[in-house]
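These are my notebook entries on a single chain. I record below what I looked up, entry by entry.

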Amino acid sequence: MNETLIKQWLAHFRKRGVSGPLVDVYAEYIRTLIGNSVPVIFEFEHLSRLIGIDQTRFRAMVNSSSSFYRNFHIKKRLGGLREISSPFPSLLICQDWIYKNILLNIPVHSCVHGYVPGRSIFTNATPHLNSKCILKMDVKNFFPSIKIDWVANFFNQLGYADNVSFYLAALCCKDGCLVQGASTSPYLTNILMRGLDHRLYKLAQSYSMKYTRYADDLTFSGEYIPYAVIEVVDSIVSDYGLEVNTDKTRLQIDRNQKIVTGLSVAGKSISIPRSFKRELKKELHFIQKYGYQSHLSKKKIRKPFYIDSLIGKVNFWLQAEPADTYAIKSLFMLHEIQKGNSI
C-alpha cells in the first residue's frame with residue numbers, strides 16, 4: 001500500500017512536468033513521512049486544503065493563533081484559579097485534524113495514562129494498588145513549559161519540512177508554548193515527554209517501584225520509597241526544562257487512605273474515596289428525605305445541570321464499584337427524577 005501511494009505521488013509530479021532530480025527529492029520526503037505513518041504535507045496551501053480551511057483564515061491562525069482563543073478561569077480544587085484557553089471552532093478543527101491524523105499515530109510510553117485511548121484514571125491507579133508507600137509529585141505549569149520550538153522540532157523529526165513543521169506547531173501553540181485547552185496539548189506532552197517517562201520508569205525499576213504519569217501528575221509506589229528519591233525525580237524533571245511543584249509533593253507511608261488520580265488504592269481493588277461517598281450520600285439522603293424540589297429550595301441550589309452532575313458522580317462510583325447496591329438504587333432514583341423533570 002505504501003509503495004502504491006508513493007508511486008501515485010511520483011506519477012502526479014511527472015505528469016505536471018517536475019524534473020527528474022526534483023522528483024527524487026520528493027520521493028525521499030514522501031517515503032520518510034509514510035514510513036512514520038503520518039500524512040504527506042508539502043506546503044501551506046496543501047495543508048489548508050487537507051484540513052479544509054479557507055487559506056485566508058488559515059494564514060491568520062498560523063500567524064496569530066492567540067487571536068483564535070477565548071480565555072476564562074476555573075477554580076482549582078485546592079484553591080486559586082486556572083486559566084483555560086478555549087480555541088475558536090476553526091482553530092479546533094485544525095487541532096483535531098492534527099491530533100487524529102498525526103499525533104495518534106505516534107506511540108507513547110506504556111506508563112502514561114492521561115488522554116491516551118484505552119487508558120484512564122483507572123488504569124493509572126491500578127498499578128499502585130495495595131502498596132505500602134505512595135509518592136505523588138506534580139509538574140508545575142506543565143503545558144506552558146513546553147515551548148513551540150520543542151513542538152516544531154518534533155514535527156521536523158517526523159520528516160516534515162521546516163516550514164510545514166512551523167505551521168503545524170503554530171496551530172498547536174499560543175504565545176510560543178502549549179496551551180491548556182488546545183485539543184492537541186495533552187497528547188503532544190505525552191509524545192514529547194517520552195524520554196522523561198523512560199528515565200522515571202527506569203528509576204522506579206531500580207528501587208523496585210511502580211511509576212505512572214497522568215498529565216502532570218507523577219505517581220510512584222512500592223514497599224519502600226526512600227526520601228532521597230524525591231530529589232532524584234526533581235533532578236530528572238529539571239533536566240527536561242520542567243519544574244516540580246514542591247508544594248504538592250506527598251510521600252505517604254502506611255496510610256489507610258491512599259488516593260491516586262481521585263481513586264483509592266489502599267486495598268486490593270480500586271474504590272471510591274470515603275470522603276467522596278460521604279458527601280454524595282449526604283446529598284442523596286436529603287433528596288430522599290425532603291424530595292428533590294424541596295432539597296433544591298432548602299440548599300438554594302441554582303445549578304441548571306445539578307441532577308446531571310449527581311448522575312455523573314454515581315456513575316463514577318459504579319465504574320469503580322459496579323456491584324454497590326446503594327449506588328445502583330441511587331442511580332435509579334436520580335433517573336426517575338430526571339424523567340419527571342423533563343416532562
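**Ser208 and the model**

I began with Ser208, which sits in the loop between α10 (194-206) and β6 (210-214). For these labels, helices (H or I, at least four residues) and strands (E, at least two) are DSSP runs, numbered from the N terminus. I note that the model is predicted, that local features need pLDDT of at least 70, and that side-chain atom pairs count only at pLDDT 80 or more, while totals for chains, interfaces and linings use all residues. Residues are numbered from 1 along each chain as its sequence is written, and side-chain values use heavy atoms, with hydrogens and water left out.

Ser208 is not a glycine, yet I found a positive phi of about 55° for it.

**Thr261**

I looked up Thr261 next, in the loop between β9 (259-260) and β10 (263-264). Thr261 also is not a glycine and has a positive phi, of about 40°.

**Asn190**

Asn190 belongs to helix α9 (residues 185-192). I recorded Asn190 as buried because its relative accessibility is 1%. Which residues does Asn190 touch, not counting those up to four places away in sequence? I listed Val108, Val112, Gly114, Tyr115, Val116, Asp197 and Arg213, where contact means heavy atoms within 4.5 Å. With Arg213 there is also a side-chain polar contact of 3.3 Å. A polar contact is a pair of N or O atoms within 3.5 Å; within protein, one must be able to donate a hydrogen and the other to accept it, and residues adjacent in sequence count only if both atoms are side-chain atoms.

**Asp217**

I placed Asp217 in strand β7 (residues 217-222). With a relative accessible area of 31%, Asp217 is partly exposed. Leaving aside neighbours within four places in sequence, I found Asp217 in contact with Met137, Asp138 and Thr212. I also checked Val164, 53 residues from Asp217 along the chain; their C-alpha atoms are separated by 32 Å.

**Helix α14**

I closed with α14 (residues 306-320), a helix of 15 residues. From first C-alpha to last, α14 reaches 22 Å, close to the 21 Å expected; the expected span is 1.5 Å times one less than the number of residues. Among the buried residues of α14 I noted Tyr306, Leu310, Phe316 and Trp317.

How values were computed. Buried means under 20% relative accessible area, exposed over 50%, partly exposed in between (1.4 Å probe, protein chains only).
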